[in-house]
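Hi there,

Here is the structure I said I would pass on, with the notes that go with it below. Have a look at it first, then read on.

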Amino acid sequence: YVFYFRTATNFLWYKGGSHSSTSYDAGTNGDTLMRLNATGLGIGTSPSAPLHVYGDSTDTEIFLGESASDNDCGIIKYYQGTRLTIGHYGDSLDNGVGLTIKKGGNVGIGYTNPSHKLGVDGTTYISGATTIDSTLTVNDQTVIETTTNPGLSVQSTRDTTGRDCGIEIIGSRGNTEGTDIAYIDLRNYDAAAGGENTLGRI
């Protein structure tokens, strides 16, 4: 059963437990379901914000949607003191299926414990230009495929002498099996001299 307790500053809902005349006491084996006061509404706890939800010492879940089913419900789940995960009902949030924000700011997709500002476990698609303002580190074997030529073009805007410069890596496939061709062009893009200069080919 559910009953409530009201004072001049608080309105509380309890479930179960024995009757108690003590303020904010749910009684023996009772649970406080909600507390409403000037601070806000607390569900499972005394509120510290306009809306404050608490599950237990392990985690707290909020369901968003029509019903608790695979296609009708999203979940926000907070793992006490460690991470916040956003996902869908039916997905294995405990195993990293979803978007995870770790305490401290690291974000993971497919990771429960991301160790970098952004970690993605799986394939990634980026449409549009991408700027990397530091060192790019690639681990393990890397394959770059494209339907255009060149396959990979790396170019800096200016070198220390004020000239444009860069390096271009080109790979192409022959029409006959076994006649694959790959080469690397080293070019100096010298705007002052009126264009590019091929320094060599490997």
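Which residues are linked in a network of salt bridges? The answer is Glu61, Lys77 and Asp94. Before the details, a word on the source: this is a predicted model, in which local features need pLDDT of at least 70 and side-chain atom pairs count only at pLDDT 80 or more, while totals for chains, interfaces and linings use all residues. Residues are numbered from 1 along each chain as its sequence is written, and side-chain values use heavy atoms, with hydrogens and water left out.

**The charged network**

A salt bridge here is a side-chain nitrogen of Lys or Arg within 4 Å of a carboxyl oxygen of Asp or Glu. By that rule there are 2 salt bridges. One of them joins the side chains of glutamate 61 and lysine 77, at 3.7 Å from N to O. Since glutamate 61 sits in strand S6 and lysine 77 in strand S7 (residues 73-79), this contact ties together parts that are 16 residues apart in sequence. Strands, by the way, are DSSP runs of E with at least two residues, numbered from the N terminus.

Aspartate 94 also forms a salt bridge with lysine 77, and here the closest N and O atoms are 3.0 Å apart. This pair links distant parts of the chain, with aspartate 94 in the loop between S8 and S9 and lysine 77 in strand S7, 17 residues apart.

For exposure, buried means under 20% relative accessible area, exposed over 50%, and partly exposed in between (1.4 Å probe, protein chains only). Lysine 77 is buried at 8%, whereas glutamate 61 is partly exposed at 38% and aspartate 94 is partly exposed at 44%.

**The sheet**

You will find an open sheet of 6 strands in the order S6-S7-S8-S9-S10-S11, with mixed pairing. Its edge strands are S6 and S11, each of which pairs on one side only. Two strands count as paired if DSSP finds at least two bridges between them. Strand S8 (residues 83-88) pairs with S9 in the antiparallel sense over 4 bridges, and threonine 85 stands opposite threonine 100 in S9.

**The aromatic pair**

The whole structure holds 1 aromatic pair. The ring centres of phenylalanine 63 and tyrosine 89 are 5.8 Å apart and the planes are at 75°, so the pair is edge-to-face. The cut-offs are centres within 6.5 Å, with planes under 30 degrees apart taken as stacked, over 60 as edge-to-face and the rest as tilted. Phenylalanine 63 belongs to strand S6 and tyrosine 89 to the loop between S8 and S9, 26 residues apart. Phenylalanine 63 is partly exposed at 41%, and tyrosine 89 is partly exposed at 30%.

**The nonpolar patch**

Finally, a nonpolar surface patch is formed by Ile62, Leu64, Ile76, Ile86, Leu99, Ile101, Ile109, Leu118 and Val120, with about 680 Å² of accessible area together. Patch members have over 30% relative accessible area and no salt bridge, and nonpolar side chains (Val, Leu, Ile, Met, Phe, Trp, Tyr) are joined within 5 Å, like charges within 9 Å. Areas come from the Shrake-Rupley method with a 1.4 Å probe, and for residues only the protein chains shown count as cover. Strands S6 (59-65), S9 (99-102) and S11 (118-120) each supply at least two residues of the patch. Leucine 118, in strand S11, is exposed at 57% relative accessible area.

Best wishes

Definitions and conventions. Phe/Tyr/Trp six-rings, centres within 6.5 Å; stacked < 30°, edge-to-face > 60°.
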